[in-house]
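Me: I'd like to go through the terms used for this model and see what stands behind each of them. Could you take me through it?

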Amino acid sequence: GNHTLLTEFVLSGLSNHPELQHLLFFTFCFIYTITVTGNLLIFMVTVHPTVHSPMYFFLRVLSFLDISTASIVVPKMLVNFLSEDRSISYMGCAAQLYCVIFLGATECYILAAMAYDRYVAICNPLRYAIIMNSRVCLSLVLLSCCSGNVVSVVQTAWVFTLPFCGPRKINYFFCDIPPLIMLSCTDTSLYEKQIITATVLVIFTPFCLILVSYACIISSILKISSAEGRYKTFSTCSSHLTVVTLYYASGTLIYLRPKSSNSQDTKKVLALVYTTIIPTLNPLIYSLRNKEVKGVL
């Protein structure tokens, strides 16, 4: 019955060394500024009349998700760098967990939709505008959001039905599934199986769709006679492949084995990749390798 009295958790943060707190604060404050500024620029660029293809619609959604993910995690982390009180309320922790899972799962599905968009553009260029019309694009985004919401509601509800009767200190810089279930004083083996199932649905299923899309894309590219044409066609996909590799790899290593023997420090680094680093890199990856985006900028 101790978990009924629990009203807050304490986030340990990235480091317990006092001498590093100010350095970490300025570092991640700078990263967060770059994240918001870069993604806002991408968002504004993709509404320009000269860039109106479905690819830029998905890129706009991706920028919104990246800003939201960073804003859910980083500001609280920045406060904790300079504050002795690193507590987060029970409901605040639940809300943060829901938002992180919702945004993360939605982005996984959006990346799969972007791969399908590239497949249609390269393999069916003459029918691209018909297949990827505005209704289809909007439907793919809404389906991604609904799927992310279902996954997030189920995961959050399940985590917060666990009895937390041990220490209230979360060895993490935000509320996430692996550190929370380690605080539970009950057997979580059934829940761990459920997390693996969710990981398959959220990460491996869209990743398999991405692999199928790129297998068809590569097959089409190999049929192009000129080397320059093959390079130009594949270069439109390289940015997306870079993001997919970073995002899916970090998520898989964290959630496939939530209570593995891997150190929490390793999981903190992996969590930093998809909550902080990737949202910062996305604008750079998509703008530096895209002539239309650079032209509008």
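Predicted model: local features only at pLDDT ≥ 70, side-chain atom pairs only at ≥ 80, totals over all residues.

Me: Why is Thr69 called buried?

Reply: Buried means under 20% relative accessible area, exposed over 50%, and partly exposed in between (1.4 Å probe, protein chains only). Thr69 has a relative accessible area of 5%, so it is buried. Thr69 lies in helix H2, where a helix is a DSSP run of H or I with at least four residues, numbered from the N terminus.

Me: What makes a residue a contact of Thr69?

Reply: Contact means heavy atoms within 4.5 Å. With neighbours within four places in sequence left aside, Thr69 is in contact with Leu103, Tyr274 and Thr275.

Me: What makes the largest nonpolar core a core?

Reply: A nonpolar core is a set of buried Ala, Val, Leu, Ile, Met, Phe, Trp, Tyr and Cys residues joined through side-chain atoms within 4.5 Å. The largest one has 86 residues, and Tyr274 is among those with the most contacts inside it, as are Phe9, Phe28 and Phe160. H3 gives the largest share of this core, 19 residues.

Me: How many cavities are there, and what makes them cavities?

Reply: On a 1 Å grid over the protein atoms alone, a cavity is a set of points where a 1.4 Å probe fits but cannot get out; lining residues have an atom within 4 Å of a point. The search of the whole structure finds 2 cavities of 30 Å³ or more.

Me: How is the lining of the largest cavity divided by class?

Reply: Ala, Val, Leu, Ile, Met, Phe, Trp, Tyr, Cys and Pro count as nonpolar, Asp, Glu, Lys and Arg as charged, and the others, Gly among them, as polar. By that rule the lining has 13 nonpolar, 5 polar and no charged residues. Helices H3 (90-123), H5 (134-159), H7 (189-222) and H8 (227-255) each supply at least two lining residues.

Me: What lines the second largest cavity?

Reply: This cavity holds about 30 Å³ of space. Its lining includes Asn39, Asp66 and Tyr286, and H2 gives the largest share, 4 residues. By class, the lining divides into 5 nonpolar, 3 polar and 1 charged.

Me: What makes a pocket different from a cavity?

Reply: A pocket is an open set with protein on both sides within 12 Å along at least five of seven lines. The second largest pocket has a volume of about 280 Å³. Tyr109, Ala112, Ala113, Leu140 and Leu209 are the closest to its centre among its 13 lining residues. The largest share of this lining, 5 residues, comes from H7.

Conventions: Residues numbered from 1 in each chain as written. Heavy atoms only, no water. Points joined across faces, edges and corners; volume = space filled by probe spheres on them.
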